Amino acid sequence: MSGLIWPDAERLLAAAGKRLGIPYTLSTVASQTPETVAPHLGTHGWFQMYPPRDPEIRADMLSRAKAAGFKALVLTVDVPVASRRERQVRSGLTTPPRLTPRLMAQVALRPAWALGTARMGMPRMRLIDEYAGNLTGMSSTAHAGYLLRTSPDWDYLHWLRDNWDGPFIVKGVLRASDAVKLEEAGVDALWVSNHAGRQFDAAPASIEALPAIRAATSLPLILDSGIETGLDILRARARGADFVMMGRGFHIALAALGARGPDHLVDILAKDMAANMGQIGARDLREISKTFP
Ligand SMILES: Cc1cc2nc3c(=O)[nH]c(=O)nc-3n(C[C@H](O)[C@H](O)[C@H](O)COP(=O)(O)O)c2cc1C
């Protein structure tokens with residue numbers, strides 16, 4: 001999806017992360033491989049894993065991510081099955097995209113996107129494609145579904161913990177009881193997330209789930225899903241997040257301004273944080289209290 005939203009998004013976001021000193025997480029189903037993103041990574045490159053069912057593919061992905069310079073492994077656990085994205089289906093969005101007359105007309109109105117996409121090639125799940133081998137004939141969504149065992153259990157988690165010697169983060173945590181078990185299992189940090197609300201309509205907002213998770217664990221907590229402003233970041237900090245991540249914000253920034261977008265977004269967020277901290281007289285982030293509105 002990153003590559004579809006803006007051509008070369010993964011490399012541009014990795015480079016922005018390096019420039020700005022913030023983490024960048026590459027997805028298993030990205031349109032770029034760990035190796036092509038590697039030269040653009042700073043010290044905070046993270047690799048996000050959707051769990052392959054085949055242990056050989058799993059081990060190979062881990063060693064490739066490690067060799068490419070990704071420091072932390074993120075296991076996403078909130079996609080046990082594919083979600084029904086009805087607006088996506090209705091709009092005719094497929095992976096890879098189907099060139100319909102309607103799409104062609106839209107592309108014609110976006111020359112920068114069109115030229116970039118012509119240069120990069122149609123976005124595909126390039127890492128998954130490499131493992132698809134004799135699964136030809138399947139759409140890339142189907143082969144991703146086939147290769148990725150999407151419902152990791154505790155054995156799977158222990159296997160990953162034992163086979164990754166860097167920081168190990170579990171993404172998609174919304175329950176305090178899970179946080180306790182994950183801490184016991186040797187996970188290094190928890191990522192409180194509802195996947196931007198695109199998996200399960202009944203999931204709680206991550207910001208609402210955060211305080212109970214904070215109370216249940218001493219692990220570092222990352223929060224995402226719905227962060228749009230500097231004020232949102234302060235609110236997340238006040239409720240117990242050590243820091244936040246953003247998905248849609250950085251992609252919208254790329255789509256609006258190309259390579260300049262991420263820096264512009266961070267500038268807006270930083271100024272908004274500073275202005276709101278000024279309102280409450282907080283000189284640094286430690287002074288954001290639990291009573292912050
Ligand atoms: C288009 C799109 C694609 C996503 N792909 C992945 C993915 O491949 N792996 C993953 O762990 N999360 C994925 N997510 C979820 C994001 O990692 C993140 O949790 C979410 O976007 C954060 O919420 P925000 O967009 O409100 O900042 C995706 C989200 C969007 C919007």
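I began with the terms: a residue is called buried under 20% relative accessible area, exposed over 50%, and partly exposed in between. By that rule Asp-242, at 34% relative accessibility, counts as partly exposed. I keep in mind throughout that this is a predicted model.

**Entry on Asp-242 and its partner.** I looked up the contact of Asp-242 and found that its side chain meets that of Arg-214 in a salt bridge, at 3.3 Å from N to O. The pair links distant parts of the chain, since Arg-214 belongs to helix H12 (residues 206–216) and Asp-242 to the loop between helix H13 (230–238) and S7, 28 residues apart. Arg-214 is likewise noted as partly exposed, with a relative accessible area of 23%.

**Entry on other salt bridges.** I found a count of 13 salt bridges. One of them joins the side chains of Lys-66 and Asp-165, at 2.6 Å from N to O. Lys-66 lies in helix H4 (residues 55–67) and Asp-165 in the loop between helix H10 (154–163) and S4, so this pair ties together parts that are 99 residues apart in sequence. I checked the exposure of both: Lys-66 is partly exposed at 36%, whereas Asp-165 is exposed at 67%. I also noted a salt bridge between Arg-124 and Asp-129, with the closest N and O atoms 2.4 Å apart, and a network of salt bridges that links Glu-35, Arg-64 and Glu-130.

**Entry on the sheet.** I traced an open sheet of 7 strands, in the order S1-S2-S3-S4-S5-S6-S7 and with parallel pairing. Its edge strands are S1 (24–27) and S7 (243–244), each of which pairs on one side only. S1 is joined to S2 (residues 45–49) by 4 bridges, and Ser-27 has Gln-48 of S2 as its bridge partner. Further along, 4 bridges join S4 (residues 168–173) to S5, where Val-173 stands opposite Val-192. In S5 (residues 189–192), I saw that Ala-189 and Trp-191 point one way and Leu-190 and Val-192 the other way, and that all are buried.

**Entry on helix H7.** Which residues of H7 (residues 111–120) are buried? I found Trp-113, Gly-116, Thr-117 and Met-120; seen down the helix axis they fall within an arc of 100°, so they line one face of H7. On the other side, Pro-111, Leu-115, Ala-118 and Arg-119 are exposed. The cover over the buried residues includes helices H1 (2–5), H2 (9–20), H6 (101–108) and H8 (126–132). After H7 comes Gly-121, whose phi is positive, near 85°.

Terms used:
Residues numbered from 1 in each chain as written. Predicted model: local features only at pLDDT ≥ 70, side-chain atom pairs only at ≥ 80, totals over all residues. Heavy atoms only, no water. Buried < 20%, exposed > 50% of the residue type's maximum accessible area, 1.4 Å probe, protein only. Helix = DSSP H or I, 4+ residues; strand = E, 2+ residues; numbered from the N terminus. Arc of directions from axis to C-beta. Contact = heavy atoms within 4.5 Å. Pairing = 2+ DSSP bridges. Salt bridge = Lys/Arg side-chain N within 4 Å of Asp/Glu carboxyl O.
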